[in-house]
Amino acid sequence: MEAIIVAGGLGTRLRPLTVNAPKHLLPVAGIPFVGHQLAKLAEAGVARVLLATSYHADQFEPELGDGRAWGVELVYATEEQPLGTGGAIRNVASRLESAADEPIVILNGDILSGHDLPAQVQHHREAGADVTLHLVEVADARAYGCVPTEDGRVTAFHEKSPDPVSRQINAGCYVFRRAVVDKIPPDRVVSVERETFPGLVAAGAMVLGYVDRRYWVDVGTPATLCRASSDVVRGIASSAAFRAVPGELFMASDASLAVGASASGGSSLGSGSFVDVDTVVEGSLIARGAKVGAGSHLVNSVIGPGAQVGSGVVLRDAVVGDHAVVGDGCELLAGARVWVGAHIPPGAVRFSSDM
Ligand code: GDD
Ligand code: MG
């Protein structure tokens, strides 16, 4: 079986973490995010994955290689100009090897999901469907594609509706009959959510919902990225790519935690990172080469690669961009984001503004 991952978005909501890297390669439990998806696809019997990239396209192949490490063959395709989700899928159609009636798995490249993918494919095959969408339920559907169904058949697709008609949403994992991929118009921007799905439903195509309410998260914001990483580390979300024993902390082999410092809540310490004495790290993600000084307290925060956090610093729900410096005694709370390379002077107390 073949799969396509659409991985060309700008990751705007994750800035500044996505200034120098695509969100799909941000570390989650010590692994570039898309690695979790590749391992899940391999486990479900997918042998060949086409990765549709655009933003920071050159960074994917050096990180992911030929795919063998994840159990798949990986084929890279880059859009010169982003073509949208549907355009990205259509852009790789000529490189698919499957026959017209074969199922193709298509994934948004920012979804961590525990759903039963083989069961979704089987549902699609048995029904002879055109497209089968994985659906989940969320408390607030406004930020998603709202997908009402009747007897398992999708009756409408409302992308980011301010007034959603149901709490059932598109979970970003589709099975397409290959011939349906070929019918997307070529060489122009197409949104699969705003154009392809509503068009298929209006034309009476067989578009099915596959409801599976197991673990699911879109890692598109710092809060959800942090949560996904901590859930994988603690074993709350399972990932075939994560080979360590689940627990309170994941540390790269060359990361260091000083005696008297503690890290828990599924925190993750990247390669070459360092946490100094008496510092407490909870549910946080510390990227490669980042340093945290003594007596600091980090909760649900993300520290970018090479950033330096001083001593006696409090970070709660904060993001520190690559190579930024946070001075001693700073307190950054409630969604505060420190820009790439910024220097926050010692003792600054900031709440939720961008810096
Ligand atoms: N190659 C390519 N080119 N990929 C793109 C492009 C593009 O022009 N635009 C977006 N993508 C990729 C993103 O990188 C991401 O992996 C995926 O398409 C979805 O884009 P997001 O920007 O993450 O969309 P969203 O989270 O707001 O909404 C989507 O996901 C929701 C589930 O999390 C939609 O599919 C919703 O319907 C869905 O509910
Ligand atoms: Mg998303």
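Mentor: Let's start with a term: a residue is buried when its relative accessible area is under 20%. Keep in mind that we are looking at a predicted model.

Trainee: Gladly! Is phenylalanine 176 buried or exposed?

Mentor: The cut-off for buried is under 20%. Phenylalanine 176 has a relative accessible area of 0%, so this residue is buried.

Trainee: How is the pair of phenylalanine 157 and phenylalanine 197 classed: stacked, edge-to-face or tilted?

Mentor: A search of the whole structure finds six aromatic pairs. In this one, the ring centres are 5.0 Å apart and the planes stand at 35 degrees. Stacked needs planes under 30 degrees apart and edge-to-face over 60, so the pair is tilted.

Trainee: How many residues apart in sequence are the parts that this pair of phenylalanine 157 and phenylalanine 197 ties together?

Mentor: Phenylalanine 157 sits in the loop between strand S11 (153–154) and strand S12 (158–159). Its partner, phenylalanine 197, belongs to helix H6 (residues 192–202). The pair therefore ties together parts whose separation in sequence is 40 residues.

Trainee: Which residues do ring pairs link into a cluster?

Mentor: Phenylalanine 197 also forms a tilted pair with phenylalanine 176, at 6.0 Å centre to centre and 45 degrees between the planes. That pair links helix H6 with strand S13 (residues 168–177). The cluster consists of Phe157, Tyr174, Phe176 and Phe197.

Trainee: Which protein donors does the magnesium ion (ligand 2) have?

Mentor: The donor atoms are OD atoms lying 2.1 to 2.3 Å from the ion. One residue is in the loop between strands S6 and S7, the other in strand S15. They are Asp110 and Asp218.

Key. Residues are numbered from 1 along each chain as its sequence is written. Chains are lettered from A and ligands numbered from 1 in the order in which they are written. This is a predicted model: local features need pLDDT of at least 70, side-chain atom pairs count only at pLDDT 80 or more; totals for chains, interfaces and linings use all residues. Side-chain values use heavy atoms; hydrogens and water are left out. Rings of Phe, Tyr and Trp (its six-membered ring) pair if their centres lie within 6.5 Å; planes under 30 degrees apart count as stacked, over 60 as edge-to-face and the rest as tilted. Helices (H or I, at least four residues) and strands (E, at least two) are DSSP runs, numbered from the N terminus. Buried means under 20% relative accessible area, exposed over 50%, partly exposed in between (1.4 Å probe, protein chains only). Donors are N, O and S atoms within 2.8 Å of the metal (3.2 Å for Na, K and Ca); water is not among the atoms, so sites may look incomplete.
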